[in-house]
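Here are a few notes to read alongside the model. Keep the 3D view open and follow the points in order.

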Amino acid sequence: MRLPKIGACALAIVAVGAFENTSPFVFFSSSEILASSPQIATAASLSTILNVELEKCPSDIYIIVSQPGATATDYKSQHSTPYLRRCVSGEDKHVRSSFTVLEVLGEIDTTALSNTLEQQCGAGTLTIDASTGLFDIVDDMKPRIIKVDFPAPPAGIDRSTSFRTNDLFLSNLLNILPSPNYTVIYTTTPASQDHQHVDFEPTMYEMDKTMSPLVHMDLKRDISVHATASGNSTNGTSLPLFERYQYFTPGLFMGLFAGSLLLSILYVAISAVSSLQVSYASFDKENGPAAQKKLF
């Protein structure tokens with residue numbers, strides 16, 4: 001009777017695990033583009049929506065941005081990407097339509113989007129390497145695809161600075177476009193596990209070799225303590241809330257799963273007991289000839 005509920009709990013656990021391999025997506029344009037903005041989508045479904053809109057050739061210039069190693073938490077701060085936030089929030093008067101997807105499962109094929117624009121709109125492609133900061137835009141009055149490849153952000157406190165630099169690069173690029181009719185497709189890829197956490201490795205000195213094992217042990221213990229204290233004081237406070245603490249633990253999901261199973265068993269038991277039907281006449285004393293014979 002409670003199998004659908006148990007199945008829903010299992011699907012929720014799988015969905016939460018899938019969020020670990022997702023990244024955000026941003027789209028804004030100076031043209032009126034009516035497209036839905038789901039909070040969670042796959043790369044395949046989102047590519048289908050983009051291809052349908054791009055086949056209409058809504059703009060003169062199409063900027064396809066590739067930002068590797070990004071997560072949704074990287075864009076929550078108002079100081080990391082101020083220009084991108086202003087375009088999406090509607091503060092920029094040149095932007096007439098926009099939508100964002102916080103969690104995109106998979107990587108969007110930007111090459112397929114470029115092929116669609118080249119075939120349907122006759123656009124030419126220009127690739128810009130943002131790490132060098134050098135580019136030259138040709139004003140030949142023909143549709144143009146500008147592909148911007150941003151470098152992966154570093155780990156630690158310089159991560160926000162990297163996003164701010166890329167945001168400034170995008171702002172300068174849009175300001176020098178030969179046409180005010182543009183569309184920006186901002187794609188990202190998930191951050192790898194190697195860039196999410198930085199482990200502290202204590203430095204081994206040559207004097208450790210000449211000391212006794214007991215002193216060597218005390219020195220290593222003291223190094224680890226100072227490393228933990230410095231890590232908590234510098235990086236711990238700058239990390240987002242969901243990176244400093246782990247809210248969805250395996251024990252929590254196991255408890256929810258076991259609790260829902262026990263509640264379903266209790267519900268079946270109470271339903272079975274309440275469904276018992278006993279007539280009121282079964283509790284009355286016997287009357288009639290049979291009862292009189294028993295009395296004599």
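1. Helices (H or I, at least four residues) and strands (E, at least two) are DSSP runs, numbered from the N terminus. By that rule, the chain has nine helices and seven strands. This is a predicted model, where local features need pLDDT of at least 70 and side-chain atom pairs pLDDT 80 or more, while totals for chains, interfaces and linings use all residues. Residues are numbered from 1 along each chain, and side-chain values use heavy atoms, leaving out hydrogens and water.

2. How much of the chain is buried (under 20% relative accessible area, 1.4 Å probe, protein chains only)? Buried residues are 31% of the 296. Of the contacts (heavy atoms within 4.5 Å) between residues at least 6 apart in sequence, 77% link residues at least 24 apart.

3. Now find helix 5, residues 158-175. Its buried residues include Phe163, Phe169, Leu170 and Leu174. The buried residues of helix 5 pack against helix 3 (82-89) and several strands, among them strand 1 (22-29) and strand 7 (182-188).

4. A nonpolar core is a set of buried Ala, Val, Leu, Ile, Met, Phe, Trp, Tyr and Cys residues joined through side-chain atoms within 4.5 Å. The largest one has 25 residues, and Phe28, Ile63, Val148, Leu174 and Tyr182 touch the most other members. Helix 5 gives this core its largest share, five residues.

5. Which residues does Leu174 touch, leaving aside those up to four places away in sequence? They are Phe28, Ile63, Tyr83, Tyr182 and Val184. Apart from this core lies another, of 20 residues, including Ile33 and Ile185.

Methods. Buried < 20%, exposed > 50% of the residue type's maximum accessible area, 1.4 Å probe, protein only. Expected span 1.5 Å × (residues − 1).
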